[in-house]
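Work through the exercises below with the sequence and the 3D structure open. Each task is followed by a solution in steps.

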Amino acid sequence: MFPIIGYIVVVGGILGGYLGSGGHIGILIQPFEMIIIFGGALGAFIVSNSPKVLKATAGGLGNVFKSSKYNKEFYLETLTLLSKIFVKMRQNGLLSIEGDIESPEQSELFKSAPKVLADHHAVEFITDYLRLMSSGSLDVHQIDNLMDIDIDTHHEEGYLPVSALSKLADGMPAFGIVAAVMGVVHTMESLDKPQEVLGALIAAALVGTFLGILISYGFIAPLAGNLEQKLGESTKYYQSIKAALIATMNGYAPPTAVEFARKVMFSTERPHFAELEEHIKANK
């Protein structure tokens, strides 16, 4: 919703200033220059990115227009789920959660956290490291290091669409110049035309430069920035889960381990201590 509002403000501000100064909107409508700019940019984008990155970028663009799922409610549900898992481990031993790990979709623990269960990556992250913990073959330092590598890999993979869109944004002004140059070429071959015709041709050529810059900094670059922020929220989520799991491995009680996770969260999404305690009690 907010990206759409932002785009409306961008277009409204620019067109409002242009029309207010006496400009004519008709000259801005240059379909052939749009074909040059978007066609060239699309071709270059396809050439410079692998199918994996293209697919990730398409999926990421869909998420831009959705509100972030990493809100306080999602964190409360995640922390409550972790608390239940840790309590079960402490009361009945590590082997007691084997069924929950192997079939989370059938687990009553995970069913109590439907938003988490719907996130395949979150479930995989939690169950994979619980499985390693229950195997007893790795110590806490090894798992700590492995989690860091895993989270870094997640961040690097999530950054691929951000990088691709940033490079596309950087290239759009150049494609706008290409369109402008093609317009100038057309103008030069029309020097025998009346002055008013030449003026319109020159104005149309300059629109190419305008469109390239506007599309770059007004539309594509903000998309990359939005995706980068969402990636940061996702990374922070996994860091909070890591903090809780490592605290549990170090022998801390479930409430303390969950508190470790709570303190890692961004302050805007972090539930208050009393709020978390009340949520856990209400969902026992």
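## Exercise 1: the nonpolar cores

The largest nonpolar core has 40 residues, and those that touch the most other members are Ile85, Phe86, Ile126, Leu130 and Tyr237. The model is a predicted one.

Task: state which elements give two or more residues to this core, and which gives the most.

Solution. 
1. The elements with two or more residues in this core are helix 4 (72–92), helix 6 (108–111), helix 8 (120–135), helix 9 (140–188), helix 10 (195–249), helix 11 (254–264) and helix 12 (273–282).
2. Helix 4 gives the most, nine residues.
3. Back in the largest core, look at Phe86, one of the residues that touch the most other members. With residues up to four places away in sequence left out, Phe86 touches Ala244, Leu245, Thr248, Pro254, Ala257 and Val258.

## Exercise 2: aromatic rings

Task: find how many aromatic pairs there are, and classify the pair formed by Tyr237 and Tyr238.

Solution. 
1. The count of aromatic pairs is nine.
2. For Tyr237 and Tyr238, the ring centres are 5.5 Å apart and the planes are at 75°.
3. Planes over 60 degrees apart count as edge-to-face, so the Tyr237 and Tyr238 pair is edge-to-face.
4. Tyr237 and Tyr238 are both buried.
5. The two tyrosines belong to a cluster linked by ring pairs, which also includes Tyr70, Phe74, Tyr75, Phe125 and Tyr129.
6. A ring can also have a charge over its face: Lys236 lies over the face of Phe266, 5.2 Å from the ring centre.

## Exercise 3: helix 3 against helix 9

Task: describe how helix 3 (residues 51–64) and helix 9 pack.

Solution. 
1. The helices pack at an angle of about 90°, and their axes are 8 Å apart.
2. Angles of 65 to 115 degrees count as roughly perpendicular, so helix 3 is roughly perpendicular to helix 9.
3. On helix 3, the contact is made by Lys52, Val53, Ala56, Thr57 and Leu61. On helix 9, Leu160, Pro161, Ala164 and Leu165 make the contact.

## Exercise 4: a lysine in helix 10

Task: decide whether Lys242 is buried or exposed, and list what Lys242 is in contact with.

Solution. 
1. Lys242 lies in helix 10.
2. The relative accessible area of Lys242 is 16%. Buried means under 20%, so Lys242 is buried.
3. Neighbours within four places in sequence aside, Lys242 is in contact with Phe125, Asp144, Met147, Asp148 and Ile151.

Note on methods. Residues numbered from 1 in each chain as written. Predicted model: local features only at pLDDT ≥ 70, side-chain atom pairs only at ≥ 80, totals over all residues. Heavy atoms only, no water. Core = buried A, V, L, I, M, F, W, Y, C linked by side-chain atoms within 4.5 Å. Buried < 20%, exposed > 50% of the residue type's maximum accessible area, 1.4 Å probe, protein only. Helix = DSSP H or I, 4+ residues; strand = E, 2+ residues; numbered from the N terminus. Contact = heavy atoms within 4.5 Å. Phe/Tyr/Trp six-rings, centres within 6.5 Å; stacked < 30°, edge-to-face > 60°. Lys NZ or Arg CZ within 6 Å of the ring centre and 35° of its normal. Axes fitted to C-alpha atoms, helices over the stretch in contact; angles between N-to-C directions. Parallel < 35°, antiparallel > 145°, perpendicular 65-115°, else oblique.
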